[in-house]
Protein chains: 2
Amino acid sequence: MATKLPPRDAKTTQRLTELADTVVELAGRRRDPYVDVPTRSLSNVKYNKSRRFIEMGRATNRRHLFNLSQAKSYMQTMLVASGVTQLVEQGKTTSIRGLYYLLKHTIEGTKEETFSDQSECDPVIEDCEVLLNSLREELHLYAQKRGEMVGDLVLTDTGDDIDCSRMGSGGYGIPSIVEPEVIQFKRCDAKFILHVEKDTVWQRFNEDKFWRKHKCLLTHGSGQPPRGVRRLLHRMHNELKLPIYCLLDNDPWGYYIYSVIKQGSINLAYESQRMAIPDAKFIGLRSKDFRECQLSDSVKIALNDTDRKRAKQIAGYPWFAPKKEWQKEIKQLLDNGFKLEVEALISKDISYVTEHYTPARLKAKDWLD
Amino acid sequence: MATKLPPRDAKTTQRLTELADTVVELAGRRRDPYVDVPTRSLSNVKYNKSRRFIEMGRATNRRHLFNLSQAKSYMQTMLVASGVTQLVEQGKTTSIRGLYYLLKHTIEGTKEETFSDQSECDPVIEDCEVLLNSLREELHLYAQKRGEMVGDLVLTDTGDDIDCSRMGSGGYGIPSIVEPEVIQFKRCDAKFILHVEKDTVWQRFNEDKFWRKHKCLLTHGSGQPPRGVRRLLHRMHNELKLPIYCLLDNDPWGYYIYSVIKQGSINLAYESQRMAIPDAKFIGLRSKDFRECQLSDSVKIALNDTDRKRAKQIAGYPWFAPKKEWQKEIKQLLDNGFKLEVEALISKDISYVTEHYTPARLKAKDWLD
């Protein structure tokens with residue numbers, strides 16, 4: 001490559017080159033080439049109490065070229081590494097589906113395919129992320145785009161100034177790749193971030209211009225927020241020093257979304273340090289809200305067996321287990337025997353959630369940590 | 001209501017008032033109140049050859065208050081009408097989930113709920129749309145938001161000017177409600193619209209700045225486009241006089257997405273006149289592309305039984321049946337025995353689709369109608 005790479009890409013390229021060098025070096029010494037891939041299984045994941053997020057342990061699996069059962073996955077690892085090298089050098093990005101098509105071919109002189117389907121390629125991509133200590137986004141791979149933002153923030157996205165306070169009813173679609181090379185923050189007059197679970201709730205807050213009145217950024221992630229949204233929240237929290245409050249459903253799924261935003265996910269523990277936000281707060285809905293907000297029986301949704309099982313699992317997570325307030329919250333959910341969606345507050349008034357519930361909770365600092 | 005309503009809302013309110021008046025009038029004459037709801041079933045849907053879209057027939061079902069089997073649905077119809085009246089008067093919008101919560105309650109003096117669950121409310125909302133001859137959006141109800149746009153268009157969204165050519169990598173999130181009260185077009189330098197199926201493909205086109213080079217608007221709808229995207233495409237096609245080209249997968253699902261954009265959907269036939277775009281073109285992928293683009297066997301995905309069945313059904317649609325080119329296209333898909341995703345073109349080159357495939361098809365006017 002004659003053109004100079006951006007600093008982040010230069011770092012990624014250096015790691016890719018180092019990986020390639022070890023292969024060449026071992027081959028030159030007529031040794032069996034191998035790679036040590038950090039183990040991505042539950043056994044190698046732990047909660048780091050002082051950093052307050054889930055992280056990977058130090059266990060690795062060695063993957064040899066000259067081993068019949070490992071040769072194919074060794075080849076696939078190198079193939080993915082060479083594919084992302086191509087992306088980085090060309091300055092292009094693609095989806096994991098795109099990378100799969102880029103790399104899929106019949107190996108010359110055989111009837112063997114490099115990958116039989118996408119599900120064979122995805123874990124190798126994750127292997128490469130941990131192997132190269134690079135986020136997927138740094139490997140120029142993007143995920144599906146979901147989630148929007150509005151509020152008093154001006155940012156630059158690939159050279160375009162975006163004023164998130166002038167986005168009408170549509171909002172700014174949060175991209176999948178939000179690394180500093182793509183997005184820079186220019187000016188922020190917001191004091192905090194309100195992250196809501198669903199776009200329909202987000203629309204209520206946007207229509208009522210909650211973010212203008214309360215000087216906040218308003219985001220949603222269409223359920224479990226995708227990587228781009230989590231990474232952007234992480235950057236805004238750390239770089240713009242904005243506290244984050246999460247408004248999610250009162251059910252195990254809402255608790256779990258909060259858990260992932262706050263402590264990281266078990267599956268993708270290696271991303272935690274660049275995604276997890278240990279200081280995020282949970283402002284609701286809470287199990288006490290049915291009584292406190294004087295809701296009617298009509299809005300109750302009965303817990304099913306899966307809900308009860310998941311609630312107990314979540315109560316046992318090492319980051320929730322020592323917290324009395326969380327134990328009380330989850331116990332009350334189970335005692336209630338029903339769950340509540342944020343939309344249930346509409347039964348009080350269409351704008352109850354924006355005009356009463358959320359302002360009152362913020363004012364009273366009434367949230368779970 | 002003291003404040004003056006916007007013209008569209010005034011029209012909706014007038015229809016709601018007329019509905020209420022018939023009830024009052026019948027009750028005053030001591031007659032059994034009823035409503036005639038246009039029939040929303042396959043039997044009452046037909047393809048209008050001259051208008052070239054699917055539309056509803058004139059059949060209606062009478063719904064009486066004083067009929068044990070109809071009283072509940074009569075009550076629900078009135079309840080939904082009163083709920084949307086409240087929304088229109090307050091100048092607020094909500095999701096169908098929100099309306100459900102707004103209307104759900106235990107009927108006084110009984111243990112009967114107005115709606116037992118969402119699935120009981122949704123068809124009544126659709127009834128009210130046809131009954132009032134109003135789009136859901138005119139009833140102040142929004143659907144899930146999906147889909148983005150970028151290109152040389154400046155629009156005004158609830159008072160904010162949005163320059164769709166300055167949206168970075170994120171794009172403008174197309175709102176669910178895009179009626180003229182919400183969105184006005186200010187300036188358009190684009191010559192056509194390229195609508196792609198998936199956001200991942202959209203990102204490739206956006207990254208390669210295809211829309212700048214070819215002076216087009218670039219949209220996607222995350223699969224089957226939601227109502228907001230269809231309605232915006234319809235408005236841009238008719239008001240800005242922009243031709244629309246669809247780039248979809250070479251499979252029955254891709255054909256079906258095209259069919260809905262072009263002719264309307266069977267389920268929601270009453271929306272066709274404000275959503276269908278009979279002049280939309282299908283530029284690919286085509287069944288001939290495997291050979292024409294010299295793709296490798298690796299990218300083939302075998303058709304399954306459902307695919308074959310769906311393909312035959314679609315070939316029999318009255319708007320595809322008389323078209324030789326479409327019959328040939330679908331026959332070749334079945335003869336091929338495999339389908340192709342747009343991403344399969346990545347196997348040629350990451351930017352093959354933006355630099356070769358699409359420009360060549362547009363230049364040669366090589367599309368299906």
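**Exercise 1.** Is Lys209(B) buried, exposed or partly exposed, judged by the other C-beta atoms within 10 Å?

*Solution.* The model is a predicted one, in which local features need pLDDT of at least 70, side-chain atom pairs count only at pLDDT 80 or more, and totals for chains, interfaces and linings use all residues. Residues are numbered from 1 along each chain as its sequence is written, and chains are lettered from A and ligands numbered from 1 in the order in which they are written.

Step 1. A residue is buried if 20 or more other C-beta atoms lie within 10 Å of its own, exposed if 12 or fewer, and partly exposed in between, with C-beta atoms placed from the backbone.

Step 2. Lys209(B) has 14 other C-beta atoms within 10 Å and is therefore partly exposed.

Step 3. Lys209(B) lies in the loop between α5 (199–207) and α6 (210–213) of chain B. Helices (H or I, at least four residues) and strands (E, at least two) are DSSP runs, numbered from the N terminus.

Step 4. Although Lys209(B) is not a glycine, its phi is positive, about 50 degrees. Most residues other than glycine have a negative phi, and most peptide bonds are trans.

**Exercise 2.** Determine where Ser222(A) lies and whether it is buried or exposed.

*Solution.* Step 1. Ser222(A) belongs to the loop between β13 (216–220) and α7 (227–239) of chain A.

Step 1. With 20 other C-beta atoms within 10 Å, Ser222(A) is buried.

Step 2. Phi of Ser222(A) is positive, near 50 degrees, in a residue other than glycine.

**Exercise 3.** Which residues does Asp199(A) touch, not counting residues up to four places away in sequence?

*Solution.* Step 1. Asp199(A) is part of helix α5 of chain A, and it is buried, with 24 other C-beta atoms within 10 Å.

Step 1. Two residues are in contact if their C-beta atoms, placed from the backbone, lie within 7 Å.

Step 2. On this basis Asp199(A) touches Glu148(A), His220(A) and Ser222(A), together with Gln144(B) and Lys145(B).

**Exercise 4.** How many residues of chain A are in contact with chain B?

*Solution.* Step 1. In chain A, 47 residues are in contact with 47 residues of chain B.

Step 1. On the side of chain A that touches chain B, two or more residues each come from β5 (94–95), α3 (96–103), β9 (160–163), β10 (172–173) and α5 (199–207) of chain A. The largest share, 5 residues, comes from α5(A).

Step 2. Ala, Val, Leu, Ile, Met, Phe, Trp, Tyr, Cys and Pro count as nonpolar, Asp, Glu, Lys and Arg as charged, and the others, Gly among them, as polar. The residues of this side of chain A divide into 13 nonpolar, 20 polar and 14 charged.

**Exercise 5.** Compare the 14 residues of α4(B) with the span that they should have.

*Solution.* Step 1. The expected span of a helix is 1.5 Å times one less than its number of residues.

Step 1. For α4(B) this gives 20 Å, and the end C-alpha atoms are 20 Å apart, which agrees.

Step 2. Buried residues of α4(B) are Cys121(B), Val124(B), Asp127(B), Cys128(B), Glu129(B) and Leu131(B). Their cover includes α1 (7–28), β1 (34–38), α2 (71–90) and α3 of chain B.

Step 3. After α4(B) comes Asn133(B), whose phi is positive, near 50 degrees.

**Exercise 6.** At what angle do α3(B) and α4(B) pack?

*Solution.* Step 1. Axes are lines fitted to C-alpha atoms, for helices over the stretch in contact, and angles run from 0 to 180 degrees between N-to-C directions.

Step 1. Helices α3 (residues 96–103) and α4 (residues 118–131) of chain B pack at about 105 degrees, with their axes 10 Å apart.

Step 2. Angles under 35 degrees count as roughly parallel, over 145 as roughly antiparallel, 65 to 115 as roughly perpendicular and the rest as oblique. Helices α3(B) and α4(B) are therefore roughly perpendicular to each other.

Step 3. Ile96(B), Arg97(B), Leu99(B) and Tyr100(B) of α3(B) make the contact with Gln118(B), Cys121(B), Asp122(B) and Ile125(B) of α4(B). By class, this contact has 5 nonpolar, 1 polar and 2 charged residues.
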